[in-house]
Amino acid sequence: MPEPVLSIRALETHLYSREGTIRPVNGVSFDIQQGETLGIVGESGSGKTMTALSIMGLIPKNLGGVVGGSVLLDGEDLAQMSDSEVRRRRSTKMGMIFQDPATSLNPTMKVGPQIAETMKTHLGINDTTARNRTIELLDRVGIPSPEGRYNNYPFQFSGGMRQRVMIAIALSCDPLLLIADEPTTALDVTIQAQLLDFVREIKEERGMSVMWITHDLGVVAELCDKVAVMYAGSIVEKASVDDVFARPKHRYTSMLLNSMPSIAERTAGRLMSIKGLPPNLANLREGCPFAVRCSAPVDRCTEERPTLLPMGTEHSAACWNPVAETAGNGKM
Amino acid sequence: MAESTGIAGLEDDFQGGKQRSLWVDAMERLIRNRAAMVGLFISVLLVITALIGPYIAPHDYIKTNIANIAATPNATNWFGTDLIGRDIFSRILHSVRTAIFVVVVVITISTILGIILGAAAAYLGKWVDDGIMRLTDIILAFPDLLLVAFISLTIRQPFVNWLGTVYQQTQWEILRDTLFLDYLIVFGALALVSWPGYARLIRGQILSLREQDFIRAQVALGVPDRTIMFRHLVPNSIAPVIVSMSIGIGGIILLESSLSFLGFGIQPPGASWGSMVTENLFEWRTHPHLVLMPGLTLALAVIGFNFLGDGLNDALNPRQIRR
Amino acid sequence: MFVYTLRRLILAIPVLFAVLFITFTLGFYGPGDPLEIFYNEELVSDPEITQRLRELHGLDRPFWEQFVDYFTGLLEGDWGDSISSGRPVWPSFAASMPISAQLGLAAAVVLVVLGIPLGALAAVKQNTWVDYLIVFVSIVVRSVPVFVLGPMLLIVLVLWLSIMNVPIGWKGIFHTNAILPVLLMAAGPLLVVVRQTRVGVIEVLSENYIRTARAKGMRERFVVWRHVLKNALTPVFTTMGLIMSGLVTGAFFVELIFGIPGFAGLGIEAFQARDYPVILGVTIIGAAIIIISNLLVDLGYGLLDPRIRYE
Ligand SMILES: Nc1ncnc2c1ncn2[C@@H]1O[C@H](COP(=O)(O)OP(=O)(O)O)[C@@H](O)[C@H]1O
Ligand SMILES: [Mg+2]
């Protein structure tokens, strides 16, 4: 198998708060191959955003930072690099788009220059070239009359358009990896579908790898090749999309699947909800963090924390009592 | 599937378990703030001095002594004496009382005025709101010191005349006490320029709180207005008011002493830091201690209150409010 | 933008008028009779002379007539006559205002050059000793009134350290004598500028678009200059009225302490002499300065925030 574009090992991030150290990323490992899309799912608060920010090196210094593990991007370990070395790899090797398009663009700066300045910083091109390329990009991401839009302010764009501008920024320096943190959550369903189509198209076109964070399993089914399920700062199940939907091993994953709203409910904008609350990341107990909410805990669950165990080809789950396969789905 | 089997001892992992109250939180933040603690110490010391100062003063604060003028600090006159031989330390103790008295009264009056007018503006809306807000615009348009000086300059005489007539009818001795009169005029003028800030704050608070979901939900549920007002709006507006009051204290002390400095405040022989500095301002070359002693005490007092106010601000508004 | 400007302008006029009216009323119903203060008692006790003097100063007419008179006078640039000197007020205003304006402008420059970078630095270094020190010093400086800080500085610099002569009098804004007055004028409002800049920068630093700017790989310095500052200066801007008020107040003390023949000093003399026409003029102009700067703030919003401009 070729070198993965992104390879994370035992990533560990701490945030410092008055209640103590929070561990939103607690030994996370995964790979993303070239052209592959990995979906990261989990309830809110499970550490998805923190994982993405840790990769980007964007955890605010006054909050905390990455304390362990490695982040190999294109063969280089970002965790060992100085701030400015990481900075130079943003946009050029990895781009990121965020959840809230309404607040992710500078409200007092024209949209065009916000894209152009990225290219000027990294590609060393002059103003005219940057401007022309920006207009091309705006056109490519589907903004009508891009020349005129260049000089508009973010408030003159709709939510979906702003997210397209964000994508234009992220793609401006042709990165190997696009990290998308719930970019469609704030959009309504039709706009969301359009945006997903567009991302799939551009991903194929450029052969780009994508890390797509979402709490919507429907989106995962549509867009992703592989899935990592996060719970309390750790990955509890990793598999191909087909395996996750057909043969979930971790009971948290099956809970997520069971709580998936029907198409009708999704169009009504309902979010999934499941019973119980995620644990306090400031003081995790021994044992499995999911044990309290689990439908079938065994004694070992409170004593020892499960690690990711292989459950099939390219399929692993961190569970002492995984879901047994039902008759229709293959072997016992 | 079966319900959660509730494995013993794991329940308190839940996040909702220990919701700490805002006030306990704020208190903790305040106590950890060293500057605020120093401020609190100075403020408490000042309040105690205001209460007992005149009784522990080593000398009479009005008694002049021509034989002992402009003495530098020494064993009998700890802070020295002024140009007519009065003991500076005793005068400073008395001016603490003046300052604290002014602060307490002015803050109380202007906060109450501000709360009533601000709430009225927010609640009644329409022309009441317009009227009150234009009034605050107008008052805030004046440089505050100028307005205060102007008011105390113009109302003094009519006020004295009026109190004279009241005295003739009631024979209340206090009405002839000029010091009492000074206080009333200073209180009035200071309160008049201070209330608009509070009124705007309260109005803004109520208006923005009313837009919040939890209040809207209550309104939708048919909870009576008065319950919403006292159960939610008032408690939620208290923190910013406390902050703004504590930040305002330093300002009022400064304004009062500036007023005295310009000669419109508490008149001699009453003691006020501002007038003590003024009386001796042009002596700074020959007798620096005459300016330094009251000046430094005044500075220390304002610094104390400002540190406390700043600390309260940090403690109660982690996200900061703008004045 | 034009409509917006016009609307702001129209809103400011009634406030200015109200200020004028209140000031005039306060003066009119003030301490009885200005004549009593300026002419000696025997003269005034003679009813005939009093009457003549009243007519001379126009003090015998009803309130409204006098107000309209004063107002139309103002519109024609006539600020009345000083009671103590008997001469028109305006020329002395015209002579002293440039001095105060220079002082105020220099102090404003100090505020911007010192206050904004300090506030931004404190914000970027939030909760470190740099932050604490900057906030601490600005609180201390704000807490000491100018009339205490001034003499104290003089005592230290002139008496104890002997590094300067007594900087009394006005020799132009570029003379070394002006250094201390300008710094003292800036001392009061400095805290407001530092604190508001700090709050603004802290708030903006946690905005999503700053995270975007960093995610783009912009240099940190570039992020602060290009993305943070412009958005962070709005709260500083909102307190412009407060800052101007502080500068005006500072001018009073500074001009008095340093014997500078400025506009504010003129006001103080007038207050001490109960010279109403001058007090009226000084108060009105002082308020006008604040109203105009608030107006400029409103217009500045339009420049800072495109949403308002396009309204
Ligand atoms: N600004 C913050 N300060 C302190 N803790 C935070 C902050 N943001 C997130 N966290 C902690 O990190 C955990 C993971 O957050 P996040 O990565 O945003 O979750 P997700 O993106 O999966 O919804 C949260 O449960 C919370 O405890
Ligand atoms: Mg998130």
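Modeller: Let's start with C:Gln196, which counts as buried because it has 27 C-beta neighbours inside 10 Å, where 20 or more is enough for that label. Bear in mind that this is a predicted model. C:Gln196 sits in helix α9 of chain C, the helix made of residues 179–205. Leaving aside residues up to four places away in sequence, C:Gln196 touches C:Gly119, C:Pro235, C:Val236 and C:Thr239. Take C:Thr239 from that list: C:Gln196 and C:Thr239 are 43 residues apart along the chain, yet their C-alpha atoms are separated by 8.1 Å.

Staying with chain C, look at where it meets chain B. That contact takes 40 residues from chain C and 42 residues from chain B. On the chain C side, the elements giving two or more residues are α1 (2–28), α7 (129–143), α8 (146–160), α11 (220–238), α12 (240–257), α13 (263–273) and α14 (276–304). Of these, α8(C) gives the most, with seven residues. By class, the chain C side divides into 28 nonpolar, eleven polar and one charged.

Chain B has 323 residues, and 42% of them count as buried. If you take the contacts in chain B between residues at least 6 apart in sequence, 72% of them join residues at least 24 apart.

Chain A is where you can look at some strands. Pick out β3(A), residues 37–41: five of its five residues are buried, so the strand is largely enclosed by the rest of the structure. The burial covers both faces, with A:Thr37, A:Gly39 and A:Val41 on one side and A:Leu38 and A:Ile40 on the other. As for strand partners, β3(A) is joined by four bridges to β8(A), residues 209–213, and the two run parallel. Within that pairing, A:Thr37 has A:Val210 as its bridge partner. Another four bridges link β3(A) with β9(A), residues 226–231, again in parallel. There you can see A:Gly39 standing opposite A:Val227.

While you're in chain A, have a look at ligand 1. There are 14 residues around ligand 1, and those that come nearest are A:Pro24, A:Gly45, A:Lys48, A:Thr49 and A:Met50. Three elements of chain A each supply at least two residues of the shell: β1 (6–17), β2 (20–32) and α1 (48–56). The largest share is three residues, and it comes from α1(A). Sorted by class, the shell has six nonpolar, seven polar and one charged residues.

Last, a word on confidence. Chain A averages a pLDDT of 87, and 93% of its residues score at least 70. One stretch to pick out is residues 327–332 of chain A, where pLDDT stays under 50. For that stretch the model has five contacts beyond four places in sequence.

Definitions and conventions. Residues numbered from 1 in each chain as written. Chains lettered and ligands numbered in written order. Predicted model: local features only at pLDDT ≥ 70, side-chain atom pairs only at ≥ 80, totals over all residues. Buried ≥ 20, exposed ≤ 12 C-beta atoms within 10 Å, placed from the backbone. Pairing = 2+ DSSP bridges. Near = placed C-beta within 6 Å. Nonpolar A, V, L, I, M, F, W, Y, C, P; charged D, E, K, R; others polar. Contact = placed C-beta atoms within 7 Å. pLDDT = per-residue confidence, 0-100.
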